[in-house]
Amino acid sequence: MNFLILSLIKAAIVAFVLLTALAYLQWIERKVIAHIQLRVGPYRVGPHGLLQPLADVVKLITKEGVIPSHVNKLFYIMAPWMAVVLALISIAVIPFGPEITIGPVTTWMQLTDLNMGILFVLAISSVGVYGVALGGWASNNKYSLLGGLRSSAQMISYELPLGLAIAAPLLLANTLSFREMVNYQSGYWLGFIPRWNVIPEILGFVVFLIAGFAETNRVPFDLPEAENELVAGFHTEYSSMKFAAFFMAEYANMVTVTAVATLLFLGGWHPPFPEPYSDVIPILVFALSGLIALYHGLHPARRMDKFTLPAVGLLFLGIAAIFGLSLFVPTLKAILMALFWFCGKIGILLFLFIWVRATLPRFRYDQLMRFAWIFLFPLSMLNLFVTSLVVALTSK
Amino acid sequence: MTALIFFIFAGIAVFCGVSLVVQKHPIASALSLIGVMGSLAVLYLQLGGEFIAAAQMIVYAGAIMVLFVFVIMLLNAGAEGTSLEGSPFAKYLGIFLLAAFLGLISFIIQAMLPARPGVVFGEWRGGTALEIGRKLFTAYLLPFEVTSVLILIAILGAIVLARKEI
Amino acid sequence: MIHNAVPTTWYLILSAILFGLGVAGFIYRRNIITVFMSIELMLNAVNLTFVTFSYELKQVDGHIFSFFVMVVAAAEAAVGLAIILTVFKNRHTLMIDDISSMKY
């Protein structure tokens, strides 16, 4: 009973935080792309557009969900829900932090740890191809069909370099579960260089990220859903909640790919330098940003910022104070530090995804497939070969 | 608990199997087959075969069935028309005989096998990737190498057969 | 949680039922792709039998057999679907009754 209630509580927390994070990820993406393109982005709905995701959700829910008459109704309705359910299931095996003890309960910050957690994530992403393929086919529209087929062919082609890039850190850590993988990456060489897998496996990390871009249909690999190429591709005929479901699935896939990259290559929740020194980093980061926001709030460029910038500054200073306080409360410290480093690394990778979207043009479809089969796949095989050679020769 | 999960997923598997045979449109049959494979993966997990369950989802449901779905979509295979001039009497007799045959098989299986402890989820944990890897690369090395050559031949054959005639 | 054991014969019966359904689909259906999918259903049923007996004997060899069956099914699916594509290109139909003569 205790296990069941604990799992339900953890699932509720993760679901709530994840869905809010997905909505605000869209806000972050729009703001970052806007500022890279020297414009402002969502600005009017709430201070600095912070209520824009709420407005989008309300709009998408109240919009009329048009089901065209010529579609295959069962698959048309099933496809976006399959996509979103499969995208959200992979979060179940992702650990957010180490084992923590809150009062009488000792638990890991993870919904469930499977012995083969990494294979589980691969399996779910393999089956996640069907949401896109069925959505494209069920719309009974040649652009959707082409977009759906191209997208699914791209996703299964890039699963190969993805899997091979995953196999190299598995060889190093000799385990398939995420917890053991992160435990393998704890500790420091020479006292200050972290034992993250990215240092021996930099090629694998780059291949994994590129394959991750392609798996989630992000620029530069987003031809199948490009608005100006294929009339929005496989989600042309979708409106309202089903369209929102496809986009939620895409952002959830992005979060999964960055989380797996962090766990496999960037050391999960371990800080980049040893414990006593790295505890001041969150406090420094938040305090500095709070002070900068307060400073700019004194002479703001826009009238509204006279209120919002000091508010943000005070909020960040409050968070820095919480981090500082937590240094004296061990349970809180474990949770907060782990969350800070894990979410910080995921945030940096997500910023990379968004940055690339604002910067690079997209691949043509044949260039994309050629890149997967002729360049990435041999490269990841070479990486795996060299890794296995080194592991076989040095472990006696 | 084990029995509950078994009944649920065995029911889903049989339902999807019947749907595979009965549905008119090949895409519906393909999705039913994916349903069968998914429920079988859960049953493999119950039987302690965690690696096989993951391999079933990755290889079977995630690659082979995607290939089927692609071919169905590319060839635009429509729904089958009405069946041949077979009499409906033969169809109903066939279904009854199939059910009788399956009942007979079930009875024979149950009568022949000795009473054994039964399956409890979590009792046997020998199906990990470690165990399979050990056996695969020591005792079954020759079949492993032969199947890799087989896959190479299949790749070559598929490319040659499916390419455009210039 | 009380774990009541599921008798092993139930898994074998399920496997037999799925195999029978696969044979029925193979004999009854006329679309060549559906026939092929019935073959895959039969292979899955056999995989379940292998894994069940591997649990019975507490050895992992059944899993390895099942793994090889999956690999061979993958190879067969690739070549078989390529053949189906070629047949469709030449005969322009997917009904096996219309592909019954060797002479085109």
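Me: How far apart are the C-alpha centres of domain 1 and domain 2 of chain A?

Reply: In this predicted model, the C-alpha centres of domain 1 of chain A and domain 2 of chain A lie 20 Å apart. Domain 1 covers 1-62 and domain 2 covers 65-269 + 374-394, with bounds from an automatic or database domain assignment.

Me: How many residues does each domain put into the contact?

Reply: Domain 1 of chain A gives 11 residues and domain 2 of chain A gives 10 residues, where contact means that C-beta atoms, placed from the backbone, lie within 7 Å.

Me: Any caveats on numbering or confidence?

Reply: Residues are numbered from 1 along each chain as its sequence is written, while chains are lettered from A and ligands numbered from 1 in the order in which they are written. Because the model is predicted, local features need pLDDT of at least 70 and side-chain atom pairs count only at pLDDT 80 or more, whereas totals for chains, interfaces and linings use all residues.

Me: Switching to chains, which pair shares the most contacts?

Reply: Chains B and C do, of the 2 pairs of chains in contact, whereas chain A and chain C do not touch, their nearest C-alpha atoms being 8 Å apart.

Me: What does G20(C) touch?

Reply: Not counting residues up to four places away in sequence, G20(C) touches L98(B), F101(B) and L102(B).
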